[in-house]
Each structure stands twice: as structure tokens, then as C-alpha cells.
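Please keep the sequence and the structure in view while reading.

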Amino acid sequence: MNLIEVISVTNPNMIVDAWNVFIKYKSLLLIGVRNTLIVALIGTLVGLLIGLVIGAIRAVTQNKEASDSAFIRIIKKIGYLITSIYVSIIRGTPMMVQAMFLFYALKPILNWNPISAACVIISINTGAYMAEIIRSGIQSVDRGQSEAARSIGMTSIQTMRYVILPQAIKNAFPSIGNEFIVNIKDSSVLSVIGFSELFWQAKSIAGSTFSTSEPFLVVAVMYFILTYATAMLLNYFEGRINHTKSSFPASQTVEDSTY
């Protein structure tokens with residue numbers, strides 16, 4: 001028995017009532033969809049930038065080069081310690097708790113509104129997960145790529161920027177896309193700070209209609225449509241990326257990609 005059959009047995013009019021709720025409150029729900037997509041997209045993009053920096057630092061600091069001086073080794077340990085604390089704290093606490101703490105702790109200083117706070121909070125949260133995704137992507141790149149880049153005179157920063165990171169991002173693209181889908185769903189917890197995303201709109205509609213099932217049934221369907229459509233779009237781009245990668249000759253070297 002599927003969900004529709006269960007609903008039909010328990011409440012035969014629920015689907016009709018849910019459709020009426022959607023028609024009546026369509027403008028509010030679409031505002032919720034817009035805000036959900038905006039904060040999820042900003043959080044994913046900014047989180048990716050944070051993840052690139054943190055992931056690169058964590059990957060570099062884990063590489064112990066024999067030529068490193070004592071000062072460089074200390075800097076690497078400090079960098080690894082700071083980034084490890086950031087990743088551990090963010091990944092080890094719920095985003096709802098982070099949202100409540102950061103919003104109210106920084107509100108007297110920043111005087112920010114729920115929209116700007118939501119973008120910052122979801123970006124910080126996503127950055128910790130992206131850091132581990134990027135670090136894994138960097139480690140998946142063959143070490144010979146770095147050695148070849150060094151042999152033609154590229155610095156460590158140039159090697160990371162032009163050789164390692166582009167390949168790491170391609171390798172990690174499925175996980176990066178999955179974070180965007182997760183952010184679409186997890187943005188619902190930001191309703192605790194008054195951010196008017198899709199879940200917040202459903203609560204408002206439920207309070208107005210004194211009915212809970214129908215508004216949240218509508219929102220559940222809308223979340224499913226958003227995530228399913230996003231997954232299909234990401235699968236398309238992943239296929240294009242894989243096709244592009246497979247079109248390069250197997251014998252291509254790092255020298256070919258730097259000129």
C-alpha cells in the first residue's frame with residue numbers, strides 16, 4: 001500500500017483539501033520555494049569556497065615534506081589544528097543549534113535579519129562538510145601529478161590551483177551536488193530564527209487554517225519535486241563532465257594542461 005492509498009483510507013478528502021490549500025496559499029508557498037532555493041544555492045557556493053580553502057589547507061598540512069623547515073612544520077601543525085577544530089565542531093553539532101546560537105549571539109553586534117543570518121549559517125555549516133569532500137577529492141588525485149608539476153617548475157600554490165584542485169573538484173562533483181540537495185532539505189531548520197523558507201510557510205498556513213496534515217502534505221510534495229528535479233539536473237551535468245573527461249587522450253600529461 002503506497003502513501004496515496006494510505007491517505008485515501010485514513011482521510012479520503014485530504015488530497016482534495018491539500019490541493020485547495022495549495023491553490024489558496026500558492027503565493028506564500030512559492031515565496032518559500034524561492035527563499036529555500038536562494039539560501040541553499042548561496043550556502044552551497046559559499047560553502048564550496050570555504051571548503052576549497054579549508055580542504056586544501058588540511059590536505060597540504062598532512063603532507064610531510066622532507067624539505068620542510070621547522071617553521072613550516074609548525075605552521076602546518078597550527079593550520080591543521082585550527083581547521084580540524086572548525087570541522088569537528090560544525091560537523092559535531094546540529095545546524096539548528098548553530099543557527100540559534102549564532103543568530104542571537106551575533107544579533108546585538110551585526111543587527112542582521114533572518115535572511116542574511118540564514119545565508120551565513122548554512123554557508124558555515126556547509127563549508128565544514130565541503131572541506132572533507134574537497135580533501136578526499138585532493139587525495140584521490142594521483143601523486144604523480146604533483147611531482148610532474150613540480151618538475152616543470154610550478155610552485156606548491158600553482159600546483160594546487162592549476163593541477164590538483166580542478167581534478168579534485170571533478171572527482172568530488174557528485175558529493176558537492178549532494179550537498180546542494182541536502183541544503184534544500186536542511187534549510188527547513190532555519191525556520192527557528194524566523195527565516196521564511198518553505199517549512200516556515202507551511203507552519204504559518206497550518207496556524208491560519210487550524211489544520212496540519214494538508215499544508216505539510218503540500219510542502220512534502222514540493223520538497224520532493226525540488227530535490228528530484230535537482231538530482232536529475234546534477235546527474236545530467238555529471239554525465240557531461242564524465243564525457244568530457246573520457247574524451248581526453250589517456251596519455252595526456254600535466255605538461256599538456258599547463259600551456
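The axes used below are lines fitted to C-alpha atoms, taken for helices over the stretch in contact, and the angles between them run from 0 to 180 degrees between N-to-C directions. The model is a predicted one, and its secondary structure comes to 11 helices and zero strands.

**Overall picture**

- Followed along the sequence, the protein shows the pattern α-α-α-α-α-α-α-α-α-α-α.
- Of the 259 residues in the protein, 37% are buried.
- When contacts between residues at least 6 apart in sequence are considered, 77% of them join residues at least 24 apart.

**Helices H7 and H8**

- Two packed helices are described by the angle between their axes and the distance between the axes.
- For helix H7 (residues 143–151) and helix H8 (residues 156–171), the packing angle is about 140° and the axes are 10 Å apart.
- Angles over 145 degrees count as roughly antiparallel and those from 65 to 115 as roughly perpendicular, and H7 and H8 are therefore described as oblique to each other.
- The crossing that H7 and H8 make is right-handed.
- On the H7 side the contact involves Gln145, Ser146, Ala149 and Arg150, which meet Ser156, Thr159, Val163, Ile164 and Gln167 on the H8 side.
- Sorted by class, the residues in this contact of H7 with H8 are three nonpolar, five polar and one charged.

**The two ends of H7**

- Which residue caps the N-terminal end of H7? That residue is Asp142, and one of its side-chain oxygens lies 2.7 Å from the backbone nitrogen of Gly144.
- H7 is followed by Gly153, a residue whose phi is positive, near 95°.

**Helices H8 and H9**

- H8 also packs with helix H9 (residues 173–186), here at an angle of about 60° and with the axes 4 Å apart.
- Since angles under 35 degrees count as roughly parallel and those from 65 to 115 as roughly perpendicular, H8 and H9 are therefore oblique to each other.
- Ile169, Lys170 and Asn171 of H8 make this contact with Phe173, Pro174 and Ile176 of H9.
- The residues in the contact of H8 with H9 fall into four nonpolar, one polar and one charged.

**Single residues within helices**

- Arg58 belongs to helix H3 (residues 26–62), and its relative accessible area is 6%, so Arg58 is buried.
- Apart from neighbours within four places in sequence, Arg58 is in contact with Tyr80, Thr83, Ser84, Val87, Glu132 and Arg135.
- Thr227 is a residue of helix H11 (residues 213–246), and because its relative accessibility is 13%, Thr227 counts as buried.
- When residues up to four places away in sequence are not counted, Thr227 touches Ile181, Ile184 and Lys185.
- Pro166 is placed in helix H8, and with a relative accessible area of 35%, Pro166 is partly exposed.
- Pro166 touches Met160 and Arg161, again not counting residues up to four places away in sequence.
- Leaving out neighbours within four places in sequence, Phe22 is in contact with Leu29, Val218 and Met222.

**Loop residues with positive phi**

- Where is Asn111 found? Asn111 is in the loop between helix H5 (95–110) and helix H6 (114–140), and its phi is near 50°, which is a positive value in a residue other than glycine.
- Is Asn111 buried or exposed? With a relative accessible area of 62%, Asn111 is exposed.
- Phe210 lies in the loop between helix H10 (198–209) and H11, and although Phe210 is not a glycine, its phi is positive, at about 55°.
- The relative accessibility of Phe210 is 77%, and because exposed means over 50% relative accessible area, Phe210 counts as exposed.

Technical notes. Residues numbered from 1 in each chain as written. Predicted model: local features only at pLDDT ≥ 70, side-chain atom pairs only at ≥ 80, totals over all residues. Heavy atoms only, no water. Left-handed = near helix turned anticlockwise from the far one by under 90°. Contact = heavy atoms within 4.5 Å. Nonpolar A, V, L, I, M, F, W, Y, C, P; charged D, E, K, R; others polar. Buried < 20%, exposed > 50% of the residue type's maximum accessible area, 1.4 Å probe, protein only. Polar contact = N/O pair within 3.5 Å; in protein donor to acceptor, adjacent residues only side chain to side chain.
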